[in-house]
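Here's a quick walk through the model, written for someone who likes to know the cut-offs behind each label. Have a look at the structure first.

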Amino acid sequence: MMMSSNNMECSAKAKEEEEITKISLMRSLVETQDPSSKEVDDMTMRRFLRARELDVEKASSMFLKYLKWRRSFVPNGFISPSELTHEIRQNKMFLQGSDKKGRPISVLLAARHFQHNGGLDEFKRTPFSLFSLSGCHNLDINLLFG
């Protein structure tokens with residue numbers, strides 16, 4: 001059975017309205033537990049909600065864990081290139097413009113990765129440094145490393 005275009009539009013609009021409502025609920029819940037979450041945009045909140053099938057409690061819990069991890073992994077909000085000398089020397093990652101929404105596109109040449117003393121932690125920190133140098137301070141490491 002095929003849906004008419006009007007039914008599909010109504011369904012999409014209803015889903016969008018539900019997401020907006022849940023984003024507001026999630027925002028009020030997480031802001032009481034972590035005031036720094038006020039700086040996070042709605043698209044980020046939406047990603048966490050969608051990852052937890054629009055379950056506000058699960059998404060909020062996941063989001064708060066992410067904020068805690070981010071503070072420990074990137075304590076100053078950015079990572080200095082001096083912390084990533086091995087990764088930078090390998091010239092394996094660079095920015096390649098931006099997408100239709102203005103988000104930076106990064107290219108990672110995995111064949112250029114050679115493990116060294118800095119290890120996996122330094123490798124994971126590389127995008128933060130790269131994006132900080134480009135003026136993008138709102139990188140979500142989960143987008144790059146899953």
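Reading along the sequence, you get the pattern α-α-α-α-β-β-α-α, that is, 6 helices and 2 strands. Both kinds of element are DSSP runs numbered from the N terminus: helices are H or I with at least four residues, strands are E with at least two. This is a predicted model, so local features need pLDDT of at least 70 and side-chain atom pairs count only at pLDDT 80 or more, while totals for chains, interfaces and linings use all residues. Residues are numbered from 1 along each chain as its sequence is written, and side-chain values use heavy atoms, with hydrogens and water left out.

**Overall numbers**

The protein has 146 residues, and 31% of them count as buried. Here buried means under 20% relative accessible area, exposed means over 50%, and partly exposed is in between (1.4 Å probe, protein chains only).

**The helical part**

The UniProt annotation "domain: CRAL/TRIO N-terminal", from an unreviewed entry, covers residues 41-66. UniProt positions are given in the numbering used here, feature names are shortened, and annotations may be inferred rather than shown by experiment. In the model, residues 41-66 are 81% helix and 0% strand, and the end C-alpha atoms of the span lie 14 Å apart.

Helix α2 buries Thr44, Met45, Arg46, Phe48 and Leu49. Just after α2, Glu53 takes a positive phi of about 50°. Asp55 then caps the N-terminal end of α3, with a side-chain oxygen 3.1 Å from the backbone nitrogen of Glu57.

Helix α3 itself runs over residues 56-73, and its 18 residues reach 25 Å from first C-alpha to last, close to the 26 Å expected at 1.5 Å a residue. That expected span is 1.5 Å times one less than the number of residues. Among the buried residues of α3 are Phe63, Leu64, Leu67 and Phe73, along with the polar Ser60 and Arg70.

What does Asp34 touch, not counting residues up to four places away in sequence? The list is Leu64, Leu67 and Arg71. Asp34 sits in the loop between α1 (5-33) and α2 (42-51) and is buried, at a relative accessible area of 9%. Its side chain also makes a polar contact of 2.9 Å with that of Arg71. For the record, a polar contact is a pair of N or O atoms within 3.5 Å; within protein, one must be able to donate a hydrogen and the other to accept it, and residues adjacent in sequence count only if both atoms are side-chain atoms.

Arg27, in helix α1, counts as buried at 16% relative accessibility. The Arg27 side chain reaches the backbone oxygen of Val40 at 2.8 Å. Beyond its neighbours up to four places away in sequence, Arg27 touches Ser37, Lys38, Val40, Asp41, Asp42 and Met45. Ile20 is also found in helix α1, and counts as partly exposed at 44% relative accessibility.

**The hairpin**

Strands β1 (residues 93-98) and β2 (residues 104-108) run antiparallel and are joined by 4 bridges; two strands pair if DSSP finds at least two bridges between them. Met93 stands opposite Leu108, and Ser98 stands opposite Pro104. There are 5 residues between the strands, and in this hairpin Gly102 takes a positive phi near 85°.

Past β2, Arg112 lies in the loop between β2 and α5 (119-133). Arg112 is partly exposed, with a relative accessible area of 36%. Leaving aside neighbours within four places in sequence, Arg112 is in contact with Gln90, Asn91 and Lys92.

| Pair | Apart in sequence | C-alpha to C-alpha |
|---|---|---|
| Ile20 and Asp42 | 22 residues | 8.6 Å |
| Arg112 and Lys92 | 20 residues | 5.4 Å |

Methods. Contact means heavy atoms within 4.5 Å.
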